[in-house]
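Q: Could you show me how to read backbone angles and burial in a model of this kind?

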Amino acid sequence: MSCASCTDKSENMQKLCKYISEHRDPVKPQGALIAVLHKAQDTFGFLSPEVMSVVAHELQVPESYVWGVATFYSYFTLKPRGKYPVAVCMGTACYVKGATAILSTIKEQLNIKVGETSDDGLFSLVETRCIGACGLAPIMTVGDEVFGRLTADQVPEILAKYQKMK
């Protein structure tokens, strides 16, 4: 069974609708909401208004409820993220050892602010609190890769590596 609201939609929307129809509990359809939002974000990269509307319709919950859940949990994003999320730890050890210079260099190199995505769609910048590797302070991550004991001078080379991988 497929979602009525997904007829003639994109391939990704059809995948999401298939997932919803396979995981929706007929007695309590809203019970699958968080799992469906995870699938939607994995599929689309973020939760667009259109996606949230389809999810609400198919799980038979108000759109405001879907938006409430999506905005409550920090895992979910309502804006497209870059291919490579860049996170700078601003925990105490990293801050003391120069994380602000690293963050400033990234902002300058990518011409973005914290919470934004670069124009080429490659990078999104976030500040994080302690990630548990204080002995490597200051730390930056790009995707799943950790860069420790950084200096601001190393940042351009690291970003260039990912720009070449497009």
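This is a predicted model: local features need pLDDT of at least 70, side-chain atom pairs count only at pLDDT 80 or more; totals for chains, interfaces and linings use all residues.

Q: Which peptide bond here is cis?
A: The bond from Ala-137 to Pro-138 is cis, with an omega near -5°, and Pro-138 belongs to the loop that runs between β2 (123-128) and β3 (140-142).

Q: Where is Gln-60 found, and what is its phi?
A: Gln-60, which is not a glycine, has a positive phi near 60°, and it sits in the loop between α3 (49-59) and α4 (63-72).

Q: Is Gln-60 buried or exposed, and why?
A: Exposed means a relative accessible area over 50%, and Gln-60 counts as exposed because its relative accessibility is 63%.

Q: What is the phi of Arg-149, and where does this residue lie?
A: Arg-149 is not a glycine, yet its phi is positive, at about 50°; the residue lies in the loop between β4 (145-147) and α7 (155-165), and it counts as exposed because its relative accessibility is 55%.

Q: Is Val-36 buried or exposed, and why?
A: Buried means under 20% relative accessible area, so Val-36, at 0% relative accessibility, counts as buried; its place is in helix α2 (residues 33-44).

Q: Which residues is Val-36 in contact with, leaving aside its neighbours within four places in sequence?
A: With those neighbours left aside, Val-36 is in contact with Leu-16, Tyr-19, Ile-20, Val-55 and Leu-59.

Definitions and conventions:
Residues are numbered from 1 along each chain as its sequence is written. Side-chain values use heavy atoms; hydrogens and water are left out. Helices (H or I, at least four residues) and strands (E, at least two) are DSSP runs, numbered from the N terminus. Buried means under 20% relative accessible area, exposed over 50%, partly exposed in between (1.4 Å probe, protein chains only). Contact means heavy atoms within 4.5 Å.
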